[in-house]
Amino acid sequence: MKRFILIISSIFFFFSPLSIFAQQEIPILVYHSIAEYTGQGSKELFVTPKNFEEQIDYLRKSGFTPLTFEQWQNIHQVNKPIFITFDDGYKNNLNALQIFEKLQTSNFKPVGTIFVISDFINRPNRLSNDDLRAMVNSGLFSIQSHTATHPDLTKITDYVYELKGSRDKISQITGQPVIALSYPYGNFNDKVVDETKKYYTFGLTTTPAKYSEEGIENEPLLLPRIYIKHSTSLDEFAKIVEGD
Ligand SMILES: [Zn+2]
């Protein structure tokens, strides 16, 4: 009889509302270059425009809702939330703008977040002031900070320049608030998080996982991200965004 009760109660546990409200897992993707690989730099940091378009089209067909960090409070309200981010502010991210514009429909708005290195803006292979403004004006991009000079934040002392300085400079260019920082090389420690918290609401790591709320201290400053690579196939992409 005891055994029977145990079986029945475990069945009830499985189908209880608890499992219905199981932690939602949100993918936060990280890209770098959206371009053909031409032999310069690390190949895995390039996703071809064709692959990128197929990936975003997959999100469109599968009912995902891309969000930017300004919309964080919507994560529990929308269907299949996802964040699409780009590190380093490469000029070729203009290809992502074109693809987003192409795939936008009345019920799918592809939006992304570009983390720019503020001292690198206007360099030949990086986005310019005008590019950044055009991206913001499209309504499809949020421009956020990847520091001023891309240092390893665990090894520096001038946090004001890297964190506040880059925030203020980017905000001045775009006319929009800068509320999120992506840590160069994904490197952070307690000191870095404490400094980041003074100027930003969100901090993006490269811890390879989906986000699910765990209630840990400083959780919004420790957001994980999944790296989409040159070699990521569409099947792998689907597995990454849909869950295991
Ligand atoms: Zn970087």
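A residue counts as exposed when its relative accessible area is over 50%, as buried when that area is under 20%, and as partly exposed in between. By this scale Lys-102, with a relative accessible area of 56%, is exposed. The model is predicted. The points below are grouped by topic.

**Confidence**

- Mean pLDDT for the protein is 93, and 91% of its residues reach 70 or more.
- Residues 13-21 have a pLDDT below 50. Beyond near neighbours in sequence, this stretch has three contacts in the model.

**Zinc site**

- The zinc ion has as its protein donors Asp-88 (OD), His-146 (NE2) and His-150 (NE2), which lie 2.1 Å from it.
- The spacing of these donor residues in sequence is D-x57-H-x3-H.
- Asp-88 and His-146 link distant parts of the chain, being 58 residues apart. Asp-88 sits in the loop between strand 5 (81-87) and helix 4 (94-103), and His-146 in the loop between strand 7 (141-145) and helix 6 (159-174).
- His-150 is found in the loop between strand 7 and helix 6.
- Asp-88 has a relative accessibility of 11%, so it counts as buried. His-146 is buried at 1%, and His-150 is buried at 16%.
- Most residues other than glycine have a negative phi. Asp-88 has a positive phi, near 90°. His-150 also has a positive value, with phi near 65°.

**Helix 4**

- Ala-96, Leu-97, Ile-99, Phe-100 and Leu-103 are the buried residues of helix 4.
- Viewed down the helix axis, these buried residues fall within an arc of 170°, so they line one face of helix 4.
- Gln-98 and Lys-102 are exposed on the other side of helix 4.
- The cover over the buried residues of helix 4 includes strand 2 (33-34), helix 3 (49-61), strand 5, strand 6 (112-116), helix 5 (129-137) and strand 7.

**Salt bridges**

- Side chains of opposite charge can pair when their charged atoms come close. The count here is 13 salt bridges.
- Lys-102 forms a salt bridge with Glu-53, and the closest N and O atoms are 2.8 Å apart. Because Lys-102 lies in helix 4 and Glu-53 in helix 3, the pair ties together parts that are 49 residues apart in sequence.
- Lys-102 is exposed, whereas Glu-53 is partly exposed, with a relative accessible area of 23%.
- Arg-60 and Asp-57 form another salt bridge, at 3.0 Å from N to O. Both residues lie in helix 3, three residues apart, which is about one turn of the helix.
- An α-helix has 3.6 residues a turn, so residues three or four places apart point the same way.
- Arg-60 is partly exposed at 30% relative accessibility, while Asp-57 is buried at 15%.
- A salt bridge also joins Lys-91 to Asp-131, where the closest N and O atoms are 2.7 Å apart. This pair links distant parts of the chain: Lys-91 is in the loop between strand 5 and helix 4, and Asp-131 is in helix 5, 40 residues apart.
- Lys-91 is partly exposed, with a relative accessible area of 31%. Asp-131 is buried, with a relative accessible area of 12%.

**Aromatic rings**

- The structure holds 17 aromatic pairs.
- In one of these pairs, the ring centres of Tyr-31 and Phe-52 are 5.0 Å apart and the ring planes are at 85°, so the pair is edge-to-face.
- Tyr-31 is in strand 1 (residues 28-31) and Phe-52 in helix 3, so placed that the pair links distant parts of the chain, 21 residues apart.
- Tyr-31 and Phe-52 are both buried.
- Phe-69, Trp-72, Phe-83, Phe-115, Phe-202 and Tyr-211 are linked into a cluster by ring pairs.

Note on methods
Residues are numbered from 1 along each chain as its sequence is written. This is a predicted model: local features need pLDDT of at least 70, side-chain atom pairs count only at pLDDT 80 or more; totals for chains, interfaces and linings use all residues. Side-chain values use heavy atoms; hydrogens and water are left out. Donors are N, O and S atoms within 2.8 Å of the metal (3.2 Å for Na, K and Ca); water is not among the atoms, so sites may look incomplete. Helices (H or I, at least four residues) and strands (E, at least two) are DSSP runs, numbered from the N terminus. Buried means under 20% relative accessible area, exposed over 50%, partly exposed in between (1.4 Å probe, protein chains only). The arc is that of the directions from the helix axis to the C-beta atoms. Contact means heavy atoms within 4.5 Å. A salt bridge is a side-chain nitrogen of Lys or Arg within 4 Å of a carboxyl oxygen of Asp or Glu. pLDDT is the predictor's confidence in each residue, from 0 to 100. Rings of Phe, Tyr and Trp (its six-membered ring) pair if their centres lie within 6.5 Å; planes under 30 degrees apart count as stacked, over 60 as edge-to-face and the rest as tilted.
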